[in-house]
Amino acid sequence: GNFFTTAGTGRTGSIGSTGSLVGAGWTTGRWPGKQGIEFRSRGDRLCFTVPDPHAALTLAAWVRVDSLP
């Protein structure tokens with residue numbers, strides 16, 4: 001499943017972290033049955049909380065770039 005819960009979608013992750021999409025939206029992912037987040041403008045973002053303090057945190061993402069300025 002998806003890691004984050006987004007408003008109105010019911011998606012949640014295993015550690016209970018929640019997030020919200022600002023401007024961005026869900027789109028068809030690369031693999032059948034999977035979804036991704038599409039960022040179309042500079043103001044689009046994903047806001048999320050990380051419960052409890054951590055000594056270290058790693059974030060990873062698959063990124064597809066359609067064009068560069």
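# Exercises on charged pairs, rings and strands

Asp66 and Arg64 form a salt bridge in this structure, with 3.0 Å between the closest N and O atoms. The model is a predicted one.

## Exercise 1

Solution. Side chains of opposite charge can pair when their charged atoms come close. The cut-off is a side-chain nitrogen of Lys or Arg within 4 Å of a carboxyl oxygen of Asp or Glu.

- Step 1. Asp66 has a relative accessible area of 62% and is exposed; Arg64, at 68%, is exposed.
- Step 2. Arg40 forms a salt bridge with Glu38, and their closest N and O atoms are 3.2 Å apart. Arg40 is exposed at 70% relative accessible area, whereas Glu38 is partly exposed at 28%.

## Exercise 2

Describe how β2 and β3 run relative to each other, and name the residue opposite Gly25.

Solution. 

- Step 1. β2 and β3 run antiparallel and are joined by four bridges.
- Step 2. Gly25 stands opposite Glu38 of β3. Glu38 is also the salt-bridge partner of Arg40.
- Step 3. The hairpin of β2 and β3 has six residues between the strands, and Gly33 there takes a positive phi near 80 degrees.

## Exercise 3

Search the whole structure for aromatic pairs, then classify what is found.

Solution. A pair of aromatic rings is described by the distance of the centres and the angle of the planes.

- Step 1. The search gives one aromatic pair.
- Step 2. The ring centres of Trp31 and Trp62 are 6.4 Å apart and the planes stand at 80 degrees, so this pair is edge-to-face. The cut-off for that class is an angle over 60 degrees.
- Step 3. Trp31 is in the loop between β2 (25-28) and β3 (35-38), while Trp62 is in the segment after β4 (45-48); the pair therefore ties together parts 31 residues apart in sequence.
- Step 4. Trp31 is partly exposed, at 47% relative accessible area. Trp62 counts as exposed, at 80%.

## Exercise 4

Solution. 

- Step 1. With a relative accessible area of 34%, Val50 is partly exposed.

Conventions
Residues numbered from 1 in each chain as written. Heavy atoms only, no water. Phe/Tyr/Trp six-rings, centres within 6.5 Å; stacked < 30°, edge-to-face > 60°. Helix = DSSP H or I, 4+ residues; strand = E, 2+ residues; numbered from the N terminus. Buried < 20%, exposed > 50% of the residue type's maximum accessible area, 1.4 Å probe, protein only. Pairing = 2+ DSSP bridges.
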